[in-house]
Amino acid sequence: QRYEGEYHEGKSHGYGVFSFTESGEKYAGEWVRDSYDGLGVFFSESIKQEGRWKSDEFASAEDASAAVKRAESAAETARGTARQAEEMSSRALDAAESARRYQAGIDGADLEQAKQEGRAFYALYRYDARSSDEVTLEESDVIVDAEAVDDTWFRGRNQRTGQTGLIPLEYVEKLSDDSEGKN
């Protein structure tokens with residue numbers, strides 16, 4: 001069984017679609033506190049009941065097409081929200097992997113030399129590049145080969161992505177052997 005749609009206080013509430021995976025039956029329409037309640041359509045292999053529902057019971061036949069459209073839209077929004085959550089989780093895992101690689105010391109001689117020369121930084125915050133010459137950062141990304149451009153920007157290479165470009169100085173901190181702040 002699967003519900004996709006709007007929730008309120010942890011319950012199916014608003015518009016949504018509920019699918020019974022074993023039987024193939026489906027209800028699309030209005031919900032109130034986990035019950036079919038309002039306009040909706042119940043579909044099964046042999047039945048289509050369209051109309052007004054009250055506490056999961058069919059009450060009367062009415063045109064429910066507008067409610068079904070809103071329910072399907074709410075279900076699509078829920079799927080989009082789930083995709084966004086998966087993408088955010090993937091970015092968090094990438095940042096954690098970057099931190100893990102740094103902590104494990106497998107970033108190699110480039111990092112050690114850059115640290116000794118004061119050209120290694122780590123990202124304090126996520127930064128989304130705003131132009132093609134800027135570098136996108138995840139929190140804890142390690143930046144090497146850093147060279148100052150002016151008081152607010154420098155050019156460097158993100159070790160996680162290999163991307164080289166401009167990085168805002170306020171989003172990073174210099175990395176040294178005794179640096180605090182790495183997770």
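**View 1. Aromatic pairs in the predicted model.** The count comes to 10 aromatic pairs, where rings of Phe, Tyr and Trp (its six-membered ring) pair if their centres lie within 6.5 Å. Planes under 30 degrees apart count as stacked, over 60 as edge-to-face and the rest as tilted. This is a predicted model, in which local features need pLDDT of at least 70, side-chain atom pairs count only at pLDDT 80 or more, and totals for chains, interfaces and linings use all residues. Residues are numbered from 1 along each chain as its sequence is written, and side-chain values use heavy atoms, with hydrogens and water left out.

**View 2. The pair Phe-20 and Phe-42.** The ring centres of Phe-20 and Phe-42 are 6.5 Å apart and the planes are at 65°, so the pair is edge-to-face. Phe-20 lies in the loop between β2 (11-19) and β3 (26-32), and Phe-42 in strand β4 (residues 35-43), so the pair ties together parts 22 residues apart in sequence. Strands (E, at least two residues) are DSSP runs, numbered from the N terminus. Phe-42 counts as buried at 12% relative accessibility; buried means under 20% relative accessible area, exposed over 50%, and partly exposed in between (1.4 Å probe, protein chains only). Ring pairs link Phe-20 and Phe-42 with Phe-18, Tyr-27, Trp-31 and Tyr-36 into a cluster.

**View 3. The pair Phe-121 and Phe-154.** These two rings are stacked, with 4.8 Å from centre to centre and 25° between the planes. Phe-121 belongs to strand β7 (residues 121-123) and Phe-154 to strand β9 (residues 153-158), so the pair ties together parts 33 residues apart in sequence. Phe-121 is buried at 10% relative accessibility, and Phe-154 is buried at 2%.

Key
Helix = DSSP H or I, 4+ residues; strand = E, 2+ residues; numbered from the N terminus.
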